[in-house]
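Trainee: I have a new structure open and would like to learn how to read it. Could you take me through some of its features?

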Amino acid sequence: WVATPPCRSTLPGETPVTDVRVLLVDDHPVVRAGLRAMLTEFDGISIAAEAADGKAALKELSRLAMLGEGVDVVLMDLQMGAGMDGVAATAAIRKLAAPPPVLILTTYDTDADILSAVEAGASGYMLKDAPPEQIRQAVFAAAAGETVLAPRAAALLMKRITNPGTSLTPREVQLLELLATGLSNRAIAKQVFISEATVKTHLVHIYG
């Protein structure tokens, strides 16, 4: 993972001084339970609330704000079934008066997913298979206003910076060719064995 600049709150042996309150957003209750158990084992992290999709996350942020209880980091899944996905939720959160940083935690690492999340305003992008210690450090770094990226995401963004020309990934070219045949998003998803939501994410980047 990459944090920019280096995070002073996560030096070996250092105990965070302030409590970082996290809003967990994931459509799988078992995943939320696992993340809650993992994160609350670390000193300096507490779970402020949980939500099953982006719309519910916005309601929780509003509810907590009315109670005067802030959220320091939103730990956001990317694809959440039929509910508001992580990209749309991140964009909506960034429009709030005092938006907390959004740290994406997902299993998806395609170019389109990463770019869509970053363009929506995510402060970081981590994968769920990262070691718990890296996720802990990422939470503290995001709370400190730093950018935290999994190696795959960092490499992609660096490539985009050094080679800013417009290009499509092989997967995006494949989806564009299927789209040109008249297939629906659902039919394309079934043919290439990905979710319909992922097809839509790819198409957003293609159209861009």
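Trainee: Let me start with charged side chains: which side chain meets that of E60 in a salt bridge?

Mentor: Before we look, keep in mind that this is a predicted model. The partner is R63, with 2.7 Å from N to O. Both residues belong to helix α2, three residues apart, about one turn of the helix.

Trainee: What is the accessibility of K128 and D77?

Mentor: D77 is buried, with a relative accessible area of 5%, and K128 is partly exposed at 26%.

Trainee: Which residue forms a salt bridge with E69?

Mentor: That is R21, and the closest N and O atoms of the two are 3.5 Å apart. Here too distant parts of the chain are linked: E69 lies in the loop between α2 (54-66) and β4 (73-76), and R21 in strand β2 (residues 20-25), 48 residues apart. Both ends are partly exposed, E69 with a relative accessible area of 35% and R21 with 22%.

Trainee: Now for a helix as a whole. Which residues of α3 are buried?

Mentor: They are G86, V87, A89, T90 and I93. To read such a list, ask where the residues lie around the helix axis. These cover an arc of only 165°, which puts them on the same side of α3.

Trainee: What do the buried residues of α3 pack against?

Mentor: They pack against α2, β4, β5 (102-106) and α4 (111-120).

Trainee: How do I read the packing of two helices? At what angle do the axes of α7 and α9 cross?

Mentor: Compare the directions of the two axes, then look at the side chains between them. The axes of helix α7 (residues 170-180) and helix α9 (residues 196-207) come within 10 Å and cross at roughly 95°. Therefore α7 is roughly perpendicular to α9. On the α7 side the contact is made by R171, E172, L175, L176 and L179, and on the α9 side by V199, H202, L203, H205, I206 and Y207. By class, these are seven nonpolar, two polar and two charged residues.

Trainee: And how far apart are the axes of α8 and α9?

Mentor: They are 8 Å apart, and helix α8 (residues 185-192) packs with α9 at an angle of about 110°. So α8 is roughly perpendicular to α9 as well. N185, R186, I188 and A189 of α8 meet E196, V199, K200 and L203 of α9. This contact has four nonpolar, one polar and three charged residues.

Note on methods:
Residues numbered from 1 in each chain as written. Predicted model: local features only at pLDDT ≥ 70, side-chain atom pairs only at ≥ 80, totals over all residues. Heavy atoms only, no water. Axes fitted to C-alpha atoms, helices over the stretch in contact; angles between N-to-C directions. Helix = DSSP H or I, 4+ residues; strand = E, 2+ residues; numbered from the N terminus. Parallel < 35°, antiparallel > 145°, perpendicular 65-115°, else oblique. Contact = heavy atoms within 4.5 Å. Nonpolar A, V, L, I, M, F, W, Y, C, P; charged D, E, K, R; others polar. Salt bridge = Lys/Arg side-chain N within 4 Å of Asp/Glu carboxyl O. Buried < 20%, exposed > 50% of the residue type's maximum accessible area, 1.4 Å probe, protein only. Arc of directions from axis to C-beta.
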